Amino acid sequence: PILFAVQAHAGTERRGKGFPYIVHPMEAMEIVATITPDQELLAAAAPHDAKIDALGAELSNMPAIARDYAIMGDKLWDIFHAKDPSDHEWHYRGLANSLRELSDTFAFQEFESLINQVFKH
């Protein structure tokens, strides 16, 4: 799982932090290690926001965001802690790019379609 997480986040940077994104999953694993020695839980912490898990979690959010954006427009971003829509776009497009190997799945295609619907260029 650690190697998988490293590969999944290769070339990405933690937004605004100036260091590789992989530091975040490794820190998450370190925190889990302070709670339990369970190797399976530690292994799950490393790729916790890569691949299929992240797609499932974010795909559950995107339909609501797309629906609310269609109603509220840019006022939608006021309800979030990060109010700049470019921060949200960076997050969702970065996730889609890191999951591109799933591009032949319906879930990925729906996710990318919703991203394009909300973040038009």
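A polar atom of the threonine 36 side chain lies 3.1 Å from the backbone nitrogen of aspartate 38, in a polar contact (a pair of N or O atoms within 3.5 Å; within protein, one must be able to donate a hydrogen and the other to accept it, and residues adjacent in sequence count only if both atoms are side-chain atoms). The model is predicted: local features need pLDDT of at least 70, side-chain atom pairs count only at pLDDT 80 or more, and totals for chains, interfaces and linings use all residues. Residues are numbered from 1 along each chain as its sequence is written, and side-chain values use heavy atoms, with hydrogens and water left out.

**Threonine 36**

- Threonine 36 sits in the loop between helix H2 (23-35) and helix H3 (39-45); helices are DSSP runs (H or I, at least four residues), numbered from the N terminus.
- Threonine 36 is buried because its relative accessible area is 17%, where buried means under 20%, exposed over 50% and partly exposed in between (1.4 Å probe, protein chains only).
- Leaving aside residues up to four places away in sequence, threonine 36 touches Leu41 and Leu42; contact means heavy atoms within 4.5 Å.

**Salt bridges**

- Side chains of opposite charge can pair when their charged atoms come close.
- The structure holds 2 salt bridges, each defined as a side-chain nitrogen of Lys or Arg within 4 Å of a carboxyl oxygen of Asp or Glu.
- Glutamate 89 pairs with arginine 93, and their closest N and O atoms are 2.8 Å apart.
- Both glutamate 89 and arginine 93 belong to helix H5 (residues 85-98), 4 residues apart, about one turn of the helix.
- Glutamate 89 is buried at 15% relative accessible area, whereas arginine 93 is partly exposed at 23%.
- Glutamate 112 forms a salt bridge with arginine 100, with 2.8 Å between the closest N and O atoms.
- This pair links distant parts of the chain, 12 residues apart: glutamate 112 is in helix H6 (residues 106-118) and arginine 100 in the loop between H5 and H6.
- Glutamate 112 is partly exposed at 26% relative accessibility, and arginine 100 is partly exposed at 33%.

**Nonpolar surface patch**

- Ile71, Met72 and Ile79 make a nonpolar surface patch of about 330 Å².
- Patches consist of residues with over 30% relative accessible area and no salt bridge; like charges are joined within 9 Å, and nonpolar side chains (Val, Leu, Ile, Met, Phe, Trp, Tyr) within 5 Å.
- Accessible areas come from the Shrake-Rupley method with a 1.4 Å probe; for residues, only the protein chains shown count as cover.
- Methionine 72 lies in helix H4 (residues 51-72) and is partly exposed, with a relative accessible area of 36%.

Definitions and conventions. Helices (H or I, at least four residues) and strands (E, at least two) are DSSP runs, numbered from the N terminus.
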